[in-house]
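Colleague: Could you take me through this model feature by feature, giving the general idea before the particular case?

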Amino acid sequence: MSAMTKARPGESSEQRLSRLQRERIDRALTEGEQYGFQEDSSGTFAWCFNPVSGRFYQVTEQSCTCKDFEHRAGPQSLACKHIVRFLAWRENTR
Ligand SMILES: [Zn+2]
C-alpha cells in the first residue's frame with residue numbers, strides 16, 4: 001500500500017475513501033478534459049483514449065482496464081478518473 005492510499009492520522013475510513021474519490025474527480029476534471037470516448041460496436045463498453053499517454057482503456061459504468069482501477073480504485077469500489085469522465089460523457093451524449 002503506498003503512502004497516498006493510507007489513512008491519514010485522525011481520518012475515518014469514510015473520509016479516506018471520499019478523499020481518494022475526490023482526487024480522481026479532480027484528475028478527471030483536469031487531464032480528463034482531453035479524453036476521447038467511443039462506444040464499442042459490441043455495445044458492452046466504451047473506448048477511452050488518452051491523447052497525452054497514447055493509451056486506450058475499456059470503460060463501463062463500473063469498470064475500467066487501467067492500472068489504477070485494477071489495483072487501487074476498483075478494490076475499494078471507487079471510480080477511476082476514466083469512469084468519472086465516462087459517466088459525464090454518457091450524460092452529455094444522451
Ligand atoms: Zn481507468
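Predicted model: local features only at pLDDT ≥ 70, side-chain atom pairs only at ≥ 80, totals over all residues.

Colleague: How many helices and strands does the protein have, and what pattern do they follow along the sequence?

Modeller: Helices (H or I, at least four residues) and strands (E, at least two) are taken as DSSP runs and numbered from the N terminus. On that basis the protein has three helices and three strands, and reading along the sequence gives the pattern α-β-β-β-α-α. Its C-alpha atoms fill a box of roughly 45 × 25 × 25 Å along the principal axes.

Colleague: How should I read the sheet, and which strands are at its edges?

Modeller: Two strands are said to pair if DSSP finds at least two bridges between them. Here the three strands make an open sheet in the order β1-β2-β3, with antiparallel pairing; the edge strands, each pairing on one side only, are β1 (36–39) and β3 (55–59). From one strand to the next the twist averages 25°.

Colleague: Which residues are partners across the strands, and what lies in the turns?

Modeller: Four bridges join β1 and β2 in the antiparallel sense, and Glu39 stands opposite Ala46 in β2. The hairpin of β1 and β2 has six residues between the strands, with Gly43 in the turn at a positive phi of about 75°, whereas the hairpin of β2 and β3 has four, with Gly54 taking a positive phi near 75°.

Colleague: Where does helix α3 lie, and what do its buried residues pack against?

Modeller: Axes are lines fitted to C-alpha atoms, for helices over the stretch in contact, and angles run from 0 to 180 degrees between N-to-C directions. Helix α3 (residues 81–93) lies across β1, β2 and β3, running at about 65° to β3. A residue is buried if 20 or more other C-beta atoms, placed from the backbone, lie within 10 Å of its own; in α3 this holds for Lys81, His82, Ile83, Val84, Arg85 and Phe86. The buried residues of α3 pack against α1 (13–30), β1, β2 and β3. Of the 94 residues of the protein, 20% count as buried.

Colleague: Which residues touch the most other members of the largest nonpolar core?

Modeller: A nonpolar core is a set of buried Ala, Val, Leu, Ile, Met, Phe, Trp, Tyr and Cys residues joined through C-beta atoms within 7 Å. The largest has 14 residues, of which Val59, Cys64, Cys80 and Ile83 touch the most other members. The elements giving two or more residues to this core are β3, α2 (67–73) and α3, and α3 gives the most, with three residues. Two residues are in contact if their C-beta atoms, placed from the backbone, lie within 7 Å; leaving aside neighbours within four places in sequence, Cys64 is in contact with Tyr57, Val59, Phe69, Cys80, His82 and Ile83.

Terms used
Residues numbered from 1 in each chain as written. Buried ≥ 20, exposed ≤ 12 C-beta atoms within 10 Å, placed from the backbone.
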